[in-house]
Amino acid sequence: MKLPYVIRTVLLLSILFSAITSKAQQNDDLINILLKKHVISPQEADSLRADQAIKQQAIKDKENQHGITIGSRALQISGLVQTEYEGFQQTGVNNTFLLHRARLDVKGDINDNWNYEVYTEFASTVKLLDAYTTYKIADWLKFSAGQFKVPYSLESLIADSQLDFIDRSQVVNALAGRSTDVIGNQNGRDIGIQINGSFAKLDDHYLFDYTFGVFNGAGYDVTTDNNSHKDIVGRLTVHPIQHLDISGDFYNGVGNYGTPAKNEKRNRGGFDARYVIGGLALQAEYDKGTDGTIKRNGWYGQATYFVIPKKVQLAAKYDTYDPNTITANATTKIYTGGINYYFNNWARFTVNYLDRREETATQIKNNIFEAQLQLTF
């Protein structure tokens, strides 16, 4: 005799819950038992097996997209390789191939609240980029400690593999602890602690993200701080509508730099925005900084558009930077045009042409052609 409809429904829901929380073999055994006892029909059994197969395949796809899972702890291994060619218009500068980046990333979840990341650069010289752990209390409060990116500047915080152009902007390189900063190229990183989170949820997204951190100010991959001062940094992002991010940030610190090196003020402030609608992405950022008595500022604006969705992307950028606002004719402007061709989700070929214009009496012929092949895994 068949069981009443309510009891059968309860049993079916129990099987579905078991399909989510138990192993596939156990679920299949339960389905077979219920089938033999005529609790469910063969058609219902087939339907449950099909649902379970779809769920299991989705789990496998998620795990194997860019990593592997070992034991009870998540261990995700990924990497980045960028090979670049640079062609210089300027005489006396050699065109060259170079290994731009070669990186290995190891990260995972210790449990539902703890996660970690260890990120290493192997190009040129081996450098430890990131080594930190994060503890999550709630979406609105997370603690991080170790070595990681300083939460200043939108473009500095974007992952190298996700940049729309081969190089970052002049002002970001100069004021976000990168290639032309007074403290040297720190890849935008430092050692310290920070709290961050998101709050004020509206529909399916948060209105605000915040980050506040305290850092040595000496850069990454160092054994000790080079002065007793600790630098503070903060960043607040507003999402008034979906796909629109508007942020403001500050950095107050003391760096040990110059010839001879001595402790000098190193402060920054800026704001940025990014908006994505369909295949079009717009981004802009303004930053200013004070190094000792020297004031600097600059900004960039860029647009990218997929003329062929997920395959061919056109990119254009205007980038201006003044390394000393008191000195006349010091500003450099760069107009960049580019094409990104995506072979798939893991391989991309990028071509950029940089038209450089300095405010000098005699214009230097120093435009640059760049091409880069990027592989991620």
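Phe122 is found in the loop between strand 4 (114–121) and strand 5 (127–138); helices (H or I, at least four residues) and strands (E, at least two) are DSSP runs, numbered from the N terminus. The model is predicted, so local features need pLDDT of at least 70 and side-chain atom pairs count only at pLDDT 80 or more, while totals for chains, interfaces and linings use all residues. Residues are numbered from 1 along each chain as its sequence is written, and side-chain values use heavy atoms, with hydrogens and water left out.

**The surface**

Phe122 is partly exposed, because its relative accessible area is 43% and the classes are buried (under 20% relative accessible area), exposed (over 50%) and partly exposed (in between), with a 1.4 Å probe and protein chains only. Phe122 belongs to a nonpolar surface patch that also includes Ile77, Val81, Leu99, Leu104 and Tyr341. Together, the residues of this patch have about 1,000 Å² of accessible area. Patches are made of residues with over 30% relative accessible area and no salt bridge; like charges are joined within 9 Å, and nonpolar side chains (Val, Leu, Ile, Met, Phe, Trp, Tyr) within 5 Å. Strand 2 (73–88), strand 3 (96–109) and strand 17 (368–376) each give two or more residues to the nonpolar patch.

For the protein chain, the accessible surface comes to about 20,700 Å², of which 61% belongs to carbon and sulfur atoms. Accessible areas come from the Shrake-Rupley method with a 1.4 Å probe; for residues, only the protein chains shown count as cover.

**The chain and its core**

The protein chain has five helices and 17 strands. Of its 377 residues, 40% are buried. Among the contacts (heavy atoms within 4.5 Å) with a separation of 6 or more, 46% are between residues 24 or more positions apart.

The largest nonpolar core has 13 residues. Such a core is a set of buried Ala, Val, Leu, Ile, Met, Phe, Trp, Tyr and Cys residues joined through side-chain atoms within 4.5 Å. Val150, Tyr152, Val171, Val172, Phe215, Val233 and Tyr251 have the most contacts inside this core. Helix 5 (residues 170–175) gives the largest share of this core, four residues. Leaving aside residues up to four places away in sequence, Tyr152 touches several residues, including Leu157, Leu175, Val233, Tyr251 and Arg268.

Ser169 lies in the loop between helix 4 (154–157) and helix 5. Ser169 counts as buried because its relative accessible area is 0%. Beyond residues up to four places away in sequence, Ser169 touches Glu155, Tyr300, Lys317 and Asp319. Ser169 and Gly298 are 129 residues apart in sequence, and their C-alpha atoms are 9.2 Å apart in space.

**Paired strands**

Strand 8 (residues 205–215) and strand 9 (residues 231–238) run antiparallel and are joined by eight bridges. Two strands pair if DSSP finds at least two bridges between them. Within this pairing, Phe212 stands opposite Gly234 in strand 9. Strand 9 is also joined to strand 10 (residues 244–257) by seven bridges, and these two run antiparallel. Here Thr237 stands opposite Ser247 in strand 10. Strand 9 and strand 10 form a hairpin with five residues between them, and His243 in the turn has a positive phi of about 75°.

**Salt bridges**

The whole structure contains 19 salt bridges. A salt bridge is a side-chain nitrogen of Lys or Arg within 4 Å of a carboxyl oxygen of Asp or Glu.

| Pair | N to O distance |
|---|---|
| Arg101 and Asp160 | 3.2 Å |
| Arg103 and Asp160 | 2.2 Å |
| Asp181 and Arg268 | 3.5 Å |

Arg101 lies in strand 3 and Asp160 in the loop between helix 4 and helix 5, so this pair ties together parts that are 59 residues apart in sequence. Arg103, also in strand 3, and Asp160 are 57 residues apart, and their pair links distant parts of the chain. Arg103 counts as buried because its relative accessibility is 5%, and Asp160 is buried with a relative accessible area of 6%. Arg101 is buried as well. A network of salt bridges links Arg101, Arg103, Glu121, Asp160 and Arg168.

The remaining pair in the table, Asp181 and Arg268, has both residues buried.
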